[in-house]
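These are my notes from one sitting with the model.

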Amino acid sequence: MTEDQRLRDRAAAVIPGGMYGHQSVAALPAAYPQFMRGGRGARVWDVDGNEYVDLMGSYGPVVLGHQHPRVEAAAAAQAVLGDCQNGPSPVMVDLAELLVRTVRHADWAMFAKNGTDATTMCATIARAQTGRSKILVATGAYHGAAPWCTPRPAGVTPEDRANLGHYTYNDLESARQAAAVAGDDLAAIVVSPFKHDAGYDQELVDPAFARGLRALCDQTGAALILDDVRCGFRLHLGSSWEPLGVLPDLSAWSKAIANGHPLAAVLGNAAFRDGARQVFVTGSFWFSAVPMAAAIATIGALEEEDAVRSMERSGTALRDGILEQADSWGLPVNYTGPPVMPYLSFPGDDDRRLAGVFAAEALRGGLYLHPRHNWFVSAAMTGDDITRALEATDKAFAAVRKQLGNGESA
Ligand code: PMP
């Protein structure tokens, strides 16, 4: 029996469902290991010692690669001084100053642990500031697992979601209509930097849509909240809509900001400082110093390593290689999203059967990717990692080709 299976058997007795949340492998092909032993750079090992090139980065947090020396040294140095104390460490102020310097729309920062904390705080601050209730989100968008925004209905009451309205991503008219329905009770519009709903082809943002949302918030006095939890510091070393010239009022961050250390941030502009001051938001571990020290080192390393550019280069090499392979196997694919956060699907593969065959064979070839979630290209990817990844994807396309039989398409 494998070590992974032994752990699964033990987990089944003491963890509901054997595992829960986004890291449960229950819906992944059977070959996926549930338990991981460690990682370094762009490589990870499961508990049975199998090595993979990592295209998931812990589902986003690991941006510089696993066990990044500068980040881990900063975290270890802070741990020697203290982590969870009676008051925050000076690194909290250092980090807030660094974020305000790095992110153009930000005049202040608050910290928490998870993306859900950050998006929920943004909504609460917007309501406190505006004195209004309604929040608009894009249909199908994921902004966290709290009752107000979770996509799954179990344990959620209609009252939890009574103040939520919906628009269609990239459809400005639908946002205008939803805003009109909310009327003078519109507190905020929440939006992600591009459409990255799990299980669907991704859609880049239409700049006119981004600008239109900004104008709509200006007209109505609602907050524009950018959910940068997944994209933050991967597309741009500021908030993700800075290249478009669209600045949100509030932004939610987590995942990559401390290269895997548990931290989230809410950044806001001066107009929402009062609302932020009024709300009571806190958590036992929200002031821990180690993740904040790790975040300072992460942002420093992202800058020094020109990480956004290097991820873009690696992501483009991966995309070009995969598209060439798909073509040579005669397999049409949709490869969507920015090169650093791609998603691969096979047209017509509605039950994701071919995506599953592809992922399982890639895994067997030593590449850890996901059949129904976007991938994350880290700054640690070397030429050798990309070569090895492409060897695995070539075998994966061969398996899909075999599954379909010669000449057939999805
Ligand atoms: N917003 C977005 C865009 C996300 O991708 C996620 C997590 N996948 C969240 C919010 C919630 O973050 P967390 O799981 O850390 O609470």
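Is Glu51 buried, partly exposed or exposed? I looked up its relative accessibility, which is 28%, so Glu51 counts as partly exposed. The classes I use are buried for under 20% relative accessible area, exposed for over 50%, and partly exposed in between, with a 1.4 Å probe and protein chains only.

Before going on, I note that this is a predicted model, in which local features need pLDDT of at least 70 and side-chain atom pairs count only at pLDDT 80 or more, while totals for chains, interfaces and linings use all residues. Residues are numbered from 1 along each chain as its sequence is written, and side-chain values use heavy atoms, with hydrogens and water left out.

**Entry: salt bridges**

Side chains of opposite charge can pair when their charged atoms come close. I searched the whole structure and got 16 salt bridges, a salt bridge being a side-chain nitrogen of Lys or Arg within 4 Å of a carboxyl oxygen of Asp or Glu.

I started from Glu51. Arg43 forms a salt bridge with Glu51, and their closest N and O atoms are 2.6 Å apart. Arg43 is buried, at 14% relative accessible area.

Glu51 also meets the side chain of Arg388 in a salt bridge, at 2.9 Å from N to O. This pair links distant parts of the chain, since Arg388 is in helix H11 and Glu51 in strand E3 (residues 51–54), 337 residues apart. For the element names, helices (H or I, at least four residues) and strands (E, at least two) are DSSP runs numbered from the N terminus. Arg388 has a relative accessible area of 24% and is partly exposed.

I then asked which residues are linked in a network of salt bridges. I found Arg43, Glu51, Asp384, Asp385 and Arg388 linked in this way.

I also looked at Asp320 and Arg319, whose side chains meet in a salt bridge at 3.3 Å, N to O. Asp320 is partly exposed at 38% relative accessibility, and Arg319 is partly exposed at 28%.

Two packed helices are described by the angle between their axes and the distance between the axes. I take axes as lines fitted to C-alpha atoms, for helices over the stretch in contact, with angles running from 0 to 180 degrees between N-to-C directions.

The axes of H9 (residues 307–328) and H11 (residues 383–404) come within 10 Å and cross at roughly 25°. H9 and H11 are therefore roughly parallel to each other, the term covering angles under 35 degrees. H9 passes H11 in a right-handed crossing, that is, the near helix is turned clockwise from the far one by less than a right angle.

I listed the residues in contact, meaning heavy atoms within 4.5 Å. H9 contributes Ser314, Ala317, Leu318, Gly321, Ile322, Gln325 and Ala326, and H11 contributes Ile386, Ala389, Leu390, Thr393, Asp394 and Phe397. By class there are eight nonpolar, four polar and one charged residues. Here Ala, Val, Leu, Ile, Met, Phe, Trp, Tyr, Cys and Pro count as nonpolar, Asp, Glu, Lys and Arg as charged, and the others, Gly among them, as polar.

**Entry: H3 against H8**

How do H3 and H8 cross, left-handed or right-handed? I recorded a left-handed crossing, with the near helix turned anticlockwise from the far one. The axes of H3 (residues 91–102) and H8 (residues 289–304) come within 9 Å and cross at roughly 35°.

From H3 the contact takes Val91, Met92, Asp94, Leu95, Leu98, Leu99 and Thr102, and from H8 it takes Ala289, Met292, Ala293, Ala295, Ile296 and Ile299. I sorted them by class into 11 nonpolar, one polar and one charged.

**Entry: single residues**

I checked Val25, which is in the loop between helix H1 (3–14) and strand E1 (36–40). Val25 is buried at 7% relative accessibility. Leaving aside neighbours within four places in sequence, Val25 is in contact with Arg8, Tyr32, Pro33 and Gln34.

Asn170 is in the loop between strand E6 (164–167) and helix H5 (172–182). Lys255 is in the loop between strand E9 (250–253) and strand E10 (264–268), and is partly exposed at 22% relative accessible area.

Terms used
Angles under 35 degrees count as roughly parallel, over 145 as roughly antiparallel, 65 to 115 as roughly perpendicular and the rest as oblique.
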